[in-house]
Amino acid sequence: MMGLRDYPPAAQIHRPDCPGISQGTLPELTTAEIARSHPNAVMHNCYHFHQNTAGVVEPVVYPPHDYKPSTNKPADARRPLCATCRGTHGDQQVEGAGLLLPTRGQRILLPGESSGGIPGGGLILPGNR
Ligand SMILES: [Zn+2]
Ligand SMILES: [Zn+2]
C-alpha cells in the first residue's frame, strides 16, 4: 500500500457536555488525541477543533450505501473519501489509533498554534473550511 491507507467511516465529534449524546458513556479525549486517531471525523455543531480542547468520539453507523467519491482526498488516503461516510470503503476498515496515525508533515493545527514552520501546513479537516 506504500503509505496510502484506507479511512474508516467517519465518527462524529461532540463537546463533552453536548446535550445530544449520553453523558458518561463515551470516553473524553483531548482534541490532539482526536486529531491523531480520527483524522476524518465529522464535527457536530457543538464542537470545533479551534474552540474546544477536548471532545468525545461518537461512532456513527451509516446505512448501507455505495462508494461515491467526494472532492475531499487527504494526501495519505488511498482514494477520495466517500461523500456519504467519509471513508474509503477499503478492505481493512479497522478501527484503531495505530492505523490512523497521520504521516509526517501532516498535522492538525491545535488551538493557539500557527502554521508557521510546518511543512505543507496543517491538515484541513472535514467541516474546517
Ligand atoms: Zn454534539
Ligand atoms: Zn461510504
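C82 is buried, with a relative accessible area of 2% (buried means under 20%, exposed over 50% and partly exposed in between, using a 1.4 Å probe and protein chains only). C85 is buried too, at 2% relative accessibility. Keep in mind that this is a predicted model, where local features need pLDDT of at least 70, side-chain atom pairs count only at pLDDT 80 or more, and totals for chains, interfaces and linings use all residues. Residues are numbered from 1 along each chain as its sequence is written, chains are lettered from A and ligands numbered from 1 in the order in which they are written, and side-chain values use heavy atoms, leaving out hydrogens and water.

What holds the zinc ion (ligand 2)? Its protein donors are H65 (NE2), C82 (SG), C85 (SG) and H89 (NE2), at 2.0 to 2.4 Å. Donors here are N, O and S atoms within 2.8 Å of the metal (3.2 Å for Na, K and Ca); water is not among the atoms, so sites may look incomplete. Along the chain, these donors follow the spacing H-x16-C-x2-C-x3-H. The arrangement is tetrahedral because the four donor atoms subtend angles of 103 to 114 degrees (four donors count as tetrahedral if all angles lie between 85 and 135 degrees). For comparison, the ideal angle for four tetrahedral donors is 109.5 degrees.

The zinc ion (ligand 1) has H14 (ND1), C18 (SG), H44 (ND1) and C46 (SG) as its protein donors, lying 1.8 to 2.3 Å away. This site is tetrahedral as well, with angles of 100 to 125 degrees among the four donor atoms. In sequence, the donor residues are spaced H-x3-C-x25-H-x1-C.

H14 lies in strand β1 (residues 12-14) and C46 in the loop between β3 (42-43) and β4, so this pair ties together parts that are 32 residues apart in sequence. H14 is buried at 3%, and C46 is buried at 13% relative accessibility.

## The overall fold

How many helices and strands does the protein have? There are one helix and four strands, and from the N terminus they run β-β-α-β-β. Helices (H or I, at least four residues) and strands (E, at least two) are DSSP runs, numbered from the N terminus.

Of the 129 residues, 36% count as buried. Among contacts with a separation of 6 or more, 64% come from residues 24 or more positions apart (contact means heavy atoms within 4.5 Å). Y7, in the segment before β1, is buried at 2% relative accessibility. The C-alpha atoms of Y7 and G90 are separated by 7.4 Å, while the two residues are 83 residues apart along the chain.

## The core and its rings

The largest nonpolar core has 13 residues, and I13, I34, Y47, F49 and V57 touch the most other members. Such a core is a set of buried Ala, Val, Leu, Ile, Met, Phe, Trp, Tyr and Cys residues joined through side-chain atoms within 4.5 Å. Both α1 (31-37) and β4 (54-58) supply at least two residues of this core. Leaving aside neighbours within four places in sequence, V57 is in contact with several residues, including I13, L26 and I34.

A search of the whole structure finds one aromatic pair. Y47 and F49 form it edge-to-face, at 5.5 Å centre to centre and 75 degrees between the planes. Rings of Phe, Tyr and Trp (its six-membered ring) pair if their centres lie within 6.5 Å; planes under 30 degrees apart count as stacked, over 60 as edge-to-face and the rest as tilted. Y47 is buried at 4%, and F49 is buried at 1%.

Key
Tetrahedral: all angles 85-135°; square planar, octahedral: opposite > 155°, others 65-115°.
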